[in-house]
Each structure stands twice: as structure tokens, then as C-alpha cells.
Amino acid sequence: MPGDERAVLPPMWRTPFELAWEAFRVGSRPVGAALVDADGEVVASGRNRSQEKVAPPGQLAGAAIAHAEINVLAQLSSQRRYEDHLLFTTLEPCLLCSGALLHAHVGTVVYAAPDPLWRGIEQVPSVSGAIAARWPHREGPVKGPLAVFGGLLMDLWTLLYAPEAYEPVRGSQVSALARQCLDTPGFTGAETAEAAYRLVLPRIEDADVPR
């Protein structure tokens, strides 16, 4: 698909998706995240490491809470605030990560794909005024196939490693799409997220974003 701009990961999403793909290739949940400052520079990045034994210093591995967002936020100083920063993450933050974003004083989170497991999480700020005042602004999902790709990665992991939890959460339509992508020649062996994205784009560009 040479010259097709749709097949190229946007610059602000390249780091999160490459980290998510790295996680997928080693068997961890495929979620990646990066914190960007007001000048657009990445100041911290991380990925899910829940199924691994080692992590970079200051990050978590082998724990249920070794989420991508947690591993980003663990690198931040407790002596400053990050209201002018944006956290880009491939999948909508769960309750754990949303609470951590609140404590880290990150101003905005931008997610590529919605997570059906956490449908309704946007209602949490209504619990109290203090939570609402500190709750990060949320933007997402993104438009187009990038959102489908972000959710698809998690669907693929679930299909491969936790099939008993698959359809109740993800649905049969996405299940079929995930199986098609797994059958795409070269997909699981792709060395980069962008290479994998290019391979499955014809399958996902017209797919609906699961909500």
C-alpha cells in the first residue's frame, strides 16, 4: 500500500502503538502509552508488562497492575504537576489508570480505542466535586481505522490468551475480525506496529468501532 497515508501511524501515536505491539509480541496485554509535554515532546512512555518478569527501573512487571499508563506515571516526579501534558494511550484507561492519572495531576488523556469493559467510566466524576475537579479531560476514541486497530490488539490478545472471557466482553463481530487478522499472512510476525497495521488495514478500515 505504498504512498497510502492511511497506512501510516500518525506521529503522536507511533510510540504508544509500537509499545503496544511490543507487548503483544511478548504475550503481555497490548496497550502502550506516552506522556507528551506542551511542546509535543515525549517525556515518559511505557507499556503493559503484566505477563512479564522484568521491567525498566521504576516500572512494574508481573503484576495485575502493571498497566501501560501506570508504567508511564511511575516515572513522573511527585514534586510537580502535569496539567499541560497529554497522555496518549492505545486503549481507554481503566478505573485503576484513571485514578492514577488523577493523582499524577495529568491534564488530558487521549485514547485511540474505547474499551467495552469500562463502559460508563465517564460517570465517575459525578461521585464528588473533588473528583470532578481533578478528573483528567478525556478525548477519544480517535476517528477511523486507528481506533479499530487499538481495540483489535486487545481483542487479539484475549482471543489468544483468555478465550473464555472473549465474546461476553468483546462480541462476536470483533471476534470474527480478530480471527481474520490472525489469519493474515505475516501479521503476527510483523516486527513493528506500523507493518502490522498496513497488513490488516484492508480488513479494518470499514469496520465499526466497538463501544
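Keep in mind that the model is predicted.

**Strand β1**

Let's start with β1, which spans residues 32–36; five of its five residues are buried, so the strand is largely enclosed by the rest of the structure. Both of its faces are covered: Gly-32, Ala-34 and Val-36 are buried on one side, and Ala-33 and Leu-35 are buried on the other.

β1 has pairing partners in β2 and β3. The table sets out the two pairings.

| Pair | Sense | Bridges | Example of bridge partners |
|---|---|---|---|
| β1 and β2 | antiparallel | five | Val-36 and Val-42 |
| β1 and β3 (residues 82–91) | antiparallel | four | Ala-33 and Thr-89 |

With β2, the strand also makes a hairpin that has five residues between the two strands. In the turn, Gly-40 has a positive phi of about 85°.

**Two loop residues**

Glu-52 sits in the loop between β2 (42–47) and α2 (68–73). The side chain of Glu-52 makes a polar contact of 2.7 Å with that of Ser-28. Beyond its neighbours within four places in sequence, Glu-52 is in contact with residues including Val-26, Arg-47 and Gly-62.

Setting aside neighbours within four places in sequence, its contacts are Glu-92, Pro-93, Cys-94, Leu-95, Ser-98, Trp-135 and Arg-138. Ile-121 and Leu-96 are 25 residues apart in sequence, and their C-alpha atoms are 11 Å apart in space.

Note on methods: Residues are numbered from 1 along each chain as its sequence is written. This is a predicted model: local features need pLDDT of at least 70, side-chain atom pairs count only at pLDDT 80 or more; totals for chains, interfaces and linings use all residues. Side-chain values use heavy atoms; hydrogens and water are left out. A polar contact is a pair of N or O atoms within 3.5 Å; within protein, one must be able to donate a hydrogen and the other to accept it, and residues adjacent in sequence count only if both atoms are side-chain atoms. Contact means heavy atoms within 4.5 Å. Buried means under 20% relative accessible area, exposed over 50%, partly exposed in between (1.4 Å probe, protein chains only). Two strands pair if DSSP finds at least two bridges between them.
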